Structures are given as structure tokens and as C-alpha cells.
Amino acid sequence: MSRTRTADVLVVGGGVIGLVTAWRAAQRGFATAVVDPEPGGGAARVAAGMLAAVTELHYGEQTLLGLNLASARRYPDFAAELTEVTGLDLGYRRCGTIAVALDADDRAHLRELHALQRQSGLESEWLSGRDCRRLEPMLAPGVRGGLRVDGDHQIDPRRLARALVAACERAGVVFHRMWAERLSVVRERAAGIRAADGTDLAAGRVVLAAGSLSGRLAGVPDDALPPVRPVKGQVLRLTVPKRYAPFLNRTVRAVVRGSHVYLVPRENGELVVGATSEELGWDTTVTAGGVYELLRDAHELVPGITELPLTETRAGLRPGSPDNAPLLGPTACEGLLLATGHYRNGVLLTPVTGDVMAHVLTTGELPEEARDFTPRRFSAAAIEEQPA
Ligand SMILES: Cc1cc2nc3c(=O)[nH]c(=O)nc-3n(C[C@H](O)[C@H](O)[C@H](O)COP(=O)(O)OP(=O)(O)OC[C@H]3O[C@@H](n4cnc5c(N)ncnc54)[C@H](O)[C@@H]3O)c2cc1C
């Protein structure tokens with residue numbers, strides 16, 4: 001068995017959440033390491049990269065909305081800083097979003113969403129079907145109305161993850177390209193991890209940021225284990241040939257027969273079509289049914305997509321939590337912190353998560369804006385206290 005130098009902070013998982021945590025921790029002067037066999041991979045390899053605080057608003061998720069908006073506000077400066085540090089383009093595009101309705105039921109649903117957005121003080125504008133098509137001429141003639149949300153943007157999550165790896169390297173973060181097999185706990189305190197090859201990595205504090213696998217690390221005491229589950233999403237990538245550009249100017253989304261579908265146009269001609277939502281454990285098979293449903297629904301929205309080359313199909317796993325919100329900060333196990341459970345908003349929540357985790361690592365406390373996201377809300381005692 002080999003021993004490796006102690007880090008102040010050891011982050012388990014090098015997806016966008018673990019990477020931003022490591023980058024910000026290193027900037028605060030902590031000797032920081034990341035353990036992941038493939039840093040920069042994870043769900044960001046599949047994700048569409050919508051930064052959609054407003055169009056992703058759901059009933060019962062108003063607390064999460066506050067954190068989503070806090071992160072959306074940080075994005076321009078965050079993206080500029082990351083590009084300045086690394087020289088890498090992130091595909092950050094402030095293009096806005098349009099959510100449209102294809103029939104009377106969809107329109108009623110969108111009207112409700114619009115009312116909720118306005119009650120929540122958010123900016124979104126109701127458009128007639130004709131106005132929608134004026135903005136996006138490729139939309140189907142049957143579109144019955146929609147919401148224009150100029151504040152919901154997009155980024156390319158693959159480029160974001162690559163840039164975060166580069167920023168970490170520049171900030172002196174050490175990468176251990178291996179699996180963490182178990183958490184080491186010494187005198188009831190997290191003290192590092194044992195890697196799959198038997199290497200022991202010792203650390204002052206451990207941040208568990210292993211995405212949908214966060215609840216599977218051996219050795220984590222039961223009362224600190226995050227209740228995170230994988231939620232599968234299949235996504236297609238099409239390419240818009242130059243002669244068709246601009247095919248779409250902004251992200252287009254809709255609910256078709258109860259399923260969410262979106263089309264996210266990148267500046268480089270990539271068009272991302274997503275996404276299914278399936279509770280099938282850690283399965284990442286791309287299925288004929290998944291591809292069929294996405295193409296069928298996207299075609300109803302934008303019939304012209306059938307002309308485009310289909311260049312990639314993939315499935316990834318969202319780290320889902322019981323209330324669809326992340327788990328951030330200290331746990332019942334001294335020295336073990338969580339940064340996980342970001343579900344369908346992990347790319348959007350990357351900037352705020354980095355700041356929140358740096359604050360916790362520095363002060364021991366969650367900042368005010370993140371208090372509601374403590375992992376302790378899922379402890380047995382907290383659940384018993386909730387009103388029936
Ligand atoms: C289809 C789909 C579409 C999405 N679209 C959007 C979107 O439009 N907008 C948005 O904001 N979000 C979106 N998301 C969600 C977003 O991608 C995730 O919330 C985010 O990527 C989660 O990041 P993470 O770092 O927490 O986890 P992950 O990306 O899962 O990364 C976890 C990392 O931990 C590593 N790991 C796990 N276990 C161990 C271990 N034991 N030892 C070492 N390393 C380990 C893995 O190798 C991996 O690299 C989407 C997700 C999917 C699947």
C-alpha cells in the first residue's frame with residue numbers, strides 16, 4: 001500500500017461540480033486534490049447546457065429558484081473569468097429561450113407557468129403563435145402561443161468541463177486519475193479515501209461530489225450518505241449545415257404529450273435535442289424508443305429537423321435528490337462535505353456551487369443563500385420534525 005501527501009481538501013468526483021469546488025478551494029489557498037478516473041467527464045458530456053432558471057421553474061421548487069437565479073446572475077462574470085484564466089471558449093451564448101405550446105392543453109399549461117413566473121417576479125413575455133414564428137421561422141405552423149424568456153441562456157457543458165480541468169491545473173489542483181473505493185474514517189472523522197488500487201489519499205476534509213454515484217461510496221456513515229439517485233436522460237446531437245444557418249436563433253422548448261423536449265442551437269452548428277427522463281438505475285443504453293420519441297416530438301415542434309444529419313446519440317445520468325435540489329455543505333460526519341444532487345440544473349448551478357463550497361470550506365458555515373440546501377434536511381431528525 002502506498003501513501004500520498006495530504007491535501008487540505010480532497011474532492012471525490014471531477015464532474016463540473018467537483019471541478020468548480022476544487023478550483024475555488026485552490027484559489028482560496030487550500031492544497032486541493034481531485035480523485036476521478038476521468039475528470040471532466042460525467043453528465044456534462046451529455047447535458048444540453050441550458051441555463052434556464054426561468055423556463056425550468058416548477059411548482060413547489062421556488063426555494064430552488066432562488067439558487068438557480070443566483071447562479072444565472074453569476075454566469076457572465078464566471079464565464080469571463082474562466083475564459084481569461086484558460087484562454088478557452090465555453091460556447092456561452094446569451095441567446096434567450098422560447099417555450100411554445102402545440103395544442104390547447106399545452107397552451108393552458110404554459111399560461112399557468114407564465115402566471116407562476118410573474119408571481120415570482122420573473123421576466124417572461126406571452127406571445128401569440130404568429131409572434132413565435134416571427135421570432136423562429138422554423139417553428140411548426142401549428143404552434144399556438146409561447147413564452148419568450150430573454151434571460152435563459154446556454155453554455156456548452158463539454159467545453160465548460162474542459163475549461164474547469166484546465167483552470168484547476170493552473171491553480172495547482174492535483175488530479176488522481178483513479179476510483180475512490182471507500183471513505184477513510186478515523187476517530188469518527190473523514191480522513192481521506194482509499195482508491196481502487198489500494199492507494200490511501202489522506203486529507204483534512206473530503207468533499208463528495210460524485211454525481212449520481214454519490215450515495216455509493218463505501219465507508220460513508222449511514223447518517224451522512226446522500227439520498228441521490230440516477231435519472232437517465234437520452235440526448236441527440238444534429239448538425240446544421242451552413243446553408244441552413246441560422247436554423248434556430250434561441251433555445252426552443254415545449255411539453256409534447258407530457259414529455260419535455262428542447263432544441264438547443266450552438267454557434268458552431270451543433271443542435272442538441274433532449275431529453276428523456278427515465279428511472280432505470282445506472283443504465284446508460286441509448287434505446288430506439290428514446291431516439292424515436294425525441295425525434296417525433298422535436299419534429300412536431302420544428303419539422304425541418306428531419307433534413308439535418310444526426311451526428312450523435314448519448315445517455316447520461318442526472319444526480320437526482322428527493323426534492324430535486326442540491327445537497328451542499330457539512331454532513332453528520334465531521335470532515336465530510338457534500339456537493340451533489342444537482343439533478344437537471346447542475347450546469348446552471350456550477351458558479352454558485354463553487355462560491356458556496358469555497359465559503360463553507362473557509363468558514364465552516366453555509367452562506368445565507370445556500371442554507372436551505374444543507375444535507376441535514378434529510379436527516380432522520382429533520383424529517384421527523386416536518387409537519388405531516
Ligand atoms: C440528459 C441530460 C441533460 C441535462 N441538461 C442540463 C441542462 O440543460 N442544464 C443544466 O444545468 N444541467 C443539465 N443536466 C444536469 C447536469 O449535467 C448535472 O446536474 C451535472 O453535470 C452534475 O454534475 P456533477 O459533477 O455533480 O456529477 P457528474 O457529472 O455525474 O460527475 C461525477 C463525477 O464523479 C466521478 N465519480 C463518481 N464516483 C466516483 C468515485 N467513487 N471515485 C472517483 N470518481 C467518482 C465520475 O467519474 C464523474 O466524473 C443534464 C443532465 C443530463 C443527463
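Student: Is Trp23 buried or exposed?

Tutor: Trp23 is buried, at a relative accessible area of 1%. Buried means under 20% relative accessible area, exposed over 50% and partly exposed in between, with a 1.4 Å probe and protein chains only. Keep in mind that this is a predicted model, where local features need pLDDT of at least 70 and side-chain atom pairs count only at pLDDT 80 or more, while totals for chains, interfaces and linings use all residues. Residues are numbered from 1 along each chain as its sequence is written, and side-chain values use heavy atoms, with hydrogens and water left out.

Student: Why is the pair of Tyr75 and Tyr92 stacked?

Tutor: Their planes are at 25° and their ring centres 5.7 Å apart, so the pair counts as stacked. Tyr75 sits in helix 2 and Tyr92 in the loop between helix 2 and strand 4, 17 residues apart. Tyr75 has 1% relative accessibility, so Tyr75 counts as buried. Put together, Trp23, Tyr75, Phe78 and Tyr92 form one aromatic cluster.

Student: What lies over the face of Trp23?

Tutor: A charge sits over a ring if NZ of Lys or CZ of Arg is within 6 Å of the ring centre and within 35 degrees of the ring normal. Over Trp23 that is Arg24, at 4.3 Å from the ring centre. Arg216 lies over the face of Trp282, at 4.3 Å from that ring centre.

Student: How many residues line the second largest pocket?

Tutor: A pocket is an open set of points on a 1 Å grid over the protein atoms alone, where a 1.4 Å probe fits, with protein on both sides within 12 Å along at least five of seven lines; lining residues have an atom within 4 Å of a point. This pocket has 17 of them, with Thr55, His109, Leu113, Val255 and His260 nearest its centre. Helix 3 gives the most to the lining, with 6 residues.

Methods: Helix = DSSP H or I, 4+ residues; strand = E, 2+ residues; numbered from the N terminus. Phe/Tyr/Trp six-rings, centres within 6.5 Å; stacked < 30°, edge-to-face > 60°.
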